[in-house]
Amino acid sequence: NVFALGYGKDSNGDGIYIAAANDGNKELARSGTDVTSTANWTTINISTTGGTAVIVDVLWAAHSSGATAGVWMAVGTGAHSRVYRSTDGGVNWSAVAVPNGDTGEYIPQIASNGSGTWAFVHDDGFYLSTDDGASFTKSTPFTMVRGNGIAYNASNNTWIVSYTHSGVLNARSCSGTDFTTWSAETQLTGTDGDVAGPDSSFGRRVKVVAYDGKVMFVSATDTAQKSRV
């Protein structure tokens with residue numbers, strides 16, 4: 001099962017794709033510069049240092065130093081880590097420690113502002129990196145039972161998160177430079193994201209996409225919601 005597909009750069013600055021799959025021995029598949037050639041795809045086992053990983057999101061962003069290869073990040077779950085990082089164009093990966101996180105929970109999504117800052121929500125906290133994804137710190141600026149999705153909107157320098165709280169899915173946003181002051185909680189109606197119920201394991205995994213001031217929340221059920229932040 002392929003869960004995600006990311007587009008970014010290799011060490012030469014050429015465009016490549018990396019796919020994330022549910023496979024304990026080949027969690028990632030990396031394309032060459034000719035994406036149409038199956039011979040140019042290679043599989044990668046990123047969890048050799050500590051058990052099986054399931055990767056559900058993979059993303060590339062520029063490095064704050066301007067390094068050609070940029071930074072690839074992959075998140076999900078695993079016995080050893082739930083965050084992996086590559087700075088050589090997706091060839092080699094290393095595990096990144098997650099401070100004070102619930103090891104039984106997925107990290108469904110990761111986001112970057114494109115200039116060195118990365119973030120995700122997981123368990124009951126907001127996780128922030130200001131060193132190109134090399135390390136993360138945890139904060140709890142508001143109450144959440146489980147963090148779900150996150151996105152960065154470059155057009156207005158805003159972070160948007162989705163999370164479970166009080167039995168339903170909610171969303172908040174904050175400035176790209178102030179991670180302590182968040183908007184009021186907004187309930188995401190229609191996403192079937194109840195903590196209990198037949199769709200609970202999928203409905204609460206809501207990914208966020210943001211562009212040009214618009215935000216889309218997409219759950220694993222058959223409904224989605226859009227808004228402006």
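Visitor: How many bridges join S10 to S11, and which way do they run?

Guide: Five bridges join S10 to S11, and the two strands run antiparallel. Strands here are DSSP runs of E with at least two residues, numbered from the N terminus, and two strands pair if DSSP finds at least two bridges between them. Before going further, please note that this is a predicted model, in which local features need pLDDT of at least 70 and side-chain atom pairs count only at pLDDT 80 or more, while totals for chains, interfaces and linings use all residues. Residues are numbered from 1 along each chain as its sequence is written, and side-chain values use heavy atoms, with hydrogens and water left out.

Visitor: Okay, which residue stands opposite valine 121?

Guide: Valine 121 has phenylalanine 126 of S11 opposite it, and phenylalanine 126 in turn stands opposite serine 139 in S12.

Visitor: What sits between S10 and S11?

Guide: They form a hairpin with two residues between the strands, where aspartate 123 takes a positive phi near 55°.

Visitor: What is the strand order of the sheet with S10 and S11?

Guide: The order is S9-S10-S11-S12 in an open sheet of four strands, with antiparallel pairing. Strand S9 (111-112) and strand S12 (137-139) are the edge strands, each pairing on one side only. On the S9 side, two bridges hold S9 and strand S10 (residues 118-122) in an antiparallel pair, with serine 112 opposite tryptophan 118 in S10. On the S12 side, three bridges connect S11 and S12, again in the antiparallel sense.

Visitor: And S11 itself, is that buried or exposed?

Guide: Strand S11 (residues 125-129) is mostly covered, since five of its five residues are buried, where buried means under 20% relative accessible area, exposed over 50%, and partly exposed in between, with a 1.4 Å probe and protein chains only. The cover is on both faces, with Gly125, Tyr127 and Ser129 on one side and Phe126 and Leu128 on the other.

Visitor: Which residues of S7 are buried on each side?

Guide: In strand S7 (residues 83-86), Val83 and Arg85 are buried on one side and Tyr84 and Ser86 on the other, and both faces are covered. S7 is joined by two bridges to strand S8 (residues 94-95), and the two run antiparallel; within that pair, tyrosine 84 has alanine 95 in S8 as its bridge partner.

Visitor: Switching topic: how many salt bridges are there?

Guide: A search of the whole structure finds four salt bridges, a salt bridge being a side-chain nitrogen of Lys or Arg within 4 Å of a carboxyl oxygen of Asp or Glu. As background, side chains of opposite charge can pair when their charged atoms come close.

Visitor: What does lysine 138 pair with?

Guide: The side chain of lysine 138 meets that of aspartate 124 in a salt bridge, at 2.8 Å from N to O. Because lysine 138 lies in strand S12 and aspartate 124 in the loop between S10 and S11, the pair ties together parts that are 14 residues apart in sequence. Lysine 138 is partly exposed at 27% relative accessibility, and aspartate 124 is partly exposed at 29%.

Visitor: Where are the partners in the aspartate 57 and lysine 207 pair?

Guide: Aspartate 57 and lysine 207 form a salt bridge in which the closest N and O atoms are 3.9 Å apart. This pair links distant parts of the chain, with aspartate 57 in strand S5 (residues 53-61) and lysine 207 in strand S17 (residues 207-211), 150 residues apart. Aspartate 57 has a relative accessible area of 10% and is therefore buried, whereas lysine 207, at 27%, is partly exposed.

Visitor: What about lysine 214, which side chain does that meet?

Guide: Lysine 214 meets aspartate 212 in a salt bridge of 3.9 Å, N to O. Lysine 214 is partly exposed with a relative accessible area of 40%, and aspartate 212 is likewise partly exposed, at 46%.

Visitor: And valine 215, buried or exposed?

Guide: Valine 215 is found in strand S18 (residues 214-218), and its 2% relative accessibility is why this residue counts as buried.
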